[in-house]
Amino acid sequence: MSAVVLPAKPSRLPTFFVATVALVFVLIVWGGIVRLTGSGLSIPDWPLAEGGRLLPPPGTRAMIEFTHRVLAMAVGLATLGLAVGVYTKARYRAALGWPMAIALIVLALQIVMGGRVVLEELGAERVVAHLLLAFFFFAILLRMTLQAQDVARAEVASALAGAPDAGQAAVAEVDGGPLDVRRIKGLKALSHAAAGLVFLQAGLGAWVSSSGASLACPDFPTCHGTLFPRMEGLVGIHYAHRLGAYLIFAVVLALSIRALSVPLPPRARWPLRLAGVLVALQVLLGIANVVLAVPLAVSAGHLATALALFGTLLVANHELARQ
């Protein structure tokens, strides 16, 4: 009987992925703080500060923007490090080679877009594109993180089973009948749709903020005393964001309720439950933004919760696909 040989030194690449995704999360939220504090043009030159200096002149807004640039540089370096790790390890290169190439392309586009946002003085359409690219980059890295964890788990599982191929996908954790399979596929499709809606809603939220429409409807749940305002100008932008929030709340609520009757392992069930909590919190923060006249802490929390909800739905979608 041959002994089972486990990997002598498990790869740290999945942990590096988790750390990079967390860094991207912080970068995106900090970018929102830059926008909300009006710090985007506090350093009018790019990539260096005024006069070609490395450090900007002292000032709160300048340091907020400078911190954003430092975080962006850290994300860039971390992503390059991930690329080296992926392409130098055969098992990860096979699973993550193409997504890694896409991530590098998106990173390059995001760097160019970040420079244009500064040099072209914060046009609303540039700000929206910049945020959506950031969400897309976050989604790619999160998916790769989950896949890297699957590769690492499959390697250990196949070694324990004595299987020669460490790259095979993990076995489904729940054995269900045809009805359960159909239900799981339905949940997967609904989680995918919900994540897409959150992505679009994030872009609409950036449009609201960058266009000055945050308080175009200063009351809630009505807008200037009516539930059916004319969808024109800043009011139209603001109210479209509200309608999007109602739609996402309904979709995520439906997803959470439908998941209650489906047999799922904990790894697939917890993100669905968390999504329900996050969407409720997001609605409350959105209301607080209007009632309290867009305070910085609430607005930053609103963006952070949107990103957390987006990521949670992607995790749910990934785990449902494994069943």
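Is Phe-25 buried, partly exposed or exposed, and what is its relative accessible area? In this predicted model, where local features need pLDDT of at least 70 and side-chain atom pairs count only at pLDDT 80 or more, totals for chains, interfaces and linings use all residues. Residues are numbered from 1 along each chain as its sequence is written, and side-chain values use heavy atoms, with hydrogens and water left out.

The chain contains eight helices and zero strands, and its pattern along the sequence is α-α-α-α-α-α-α-α. Helices (H or I, at least four residues) and strands (E, at least two) are DSSP runs, numbered from the N terminus. Of the 323 residues in the chain, 44% are buried; buried denotes under 20% relative accessible area, exposed over 50%, and partly exposed the range in between (1.4 Å probe, protein chains only). Among contacts (heavy atoms within 4.5 Å) with a separation of 6 or more, 72% involve residues 24 or more positions apart. The chain exposes about 16,100 Å², of which carbon and sulfur atoms supply 71%; accessible areas come from the Shrake-Rupley method with a 1.4 Å probe, and for residues only the protein chains shown count as cover.

Rings of Phe, Tyr and Trp (its six-membered ring) are paired if their centres lie within 6.5 Å; planes under 30 degrees apart count as stacked, over 60 as edge-to-face and the rest as tilted. By this rule, three aromatic pairs are counted. Phe-25 and Phe-138 form a tilted pair, at 6.4 Å centre to centre and with 55 degrees between the planes. Phe-25 belongs to helix α1 (residues 13-36) and Phe-138 to helix α4 (residues 124-161), so this pair ties together parts that are 113 residues apart in sequence. Phe-25 is partly exposed, with a relative accessible area of 24%, whereas Phe-138 is buried at 5%.

Phe-199 and Phe-310 form a tilted aromatic pair, with 6.2 Å centre to centre and 35 degrees between the planes. Because Phe-199 lies in helix α5 (residues 178-211) and Phe-310 in helix α8 (residues 296-321), the pair ties together parts that are 111 residues apart in sequence. Phe-199 is partly exposed at 21% relative accessibility, while Phe-310 is buried, with a relative accessible area of 5%. Ring pairs also link Phe-199 and Phe-310 with Phe-135 into a cluster.

Phe-220, in the loop between α5 and α6 (233-259), is partly exposed at 32% relative accessibility.
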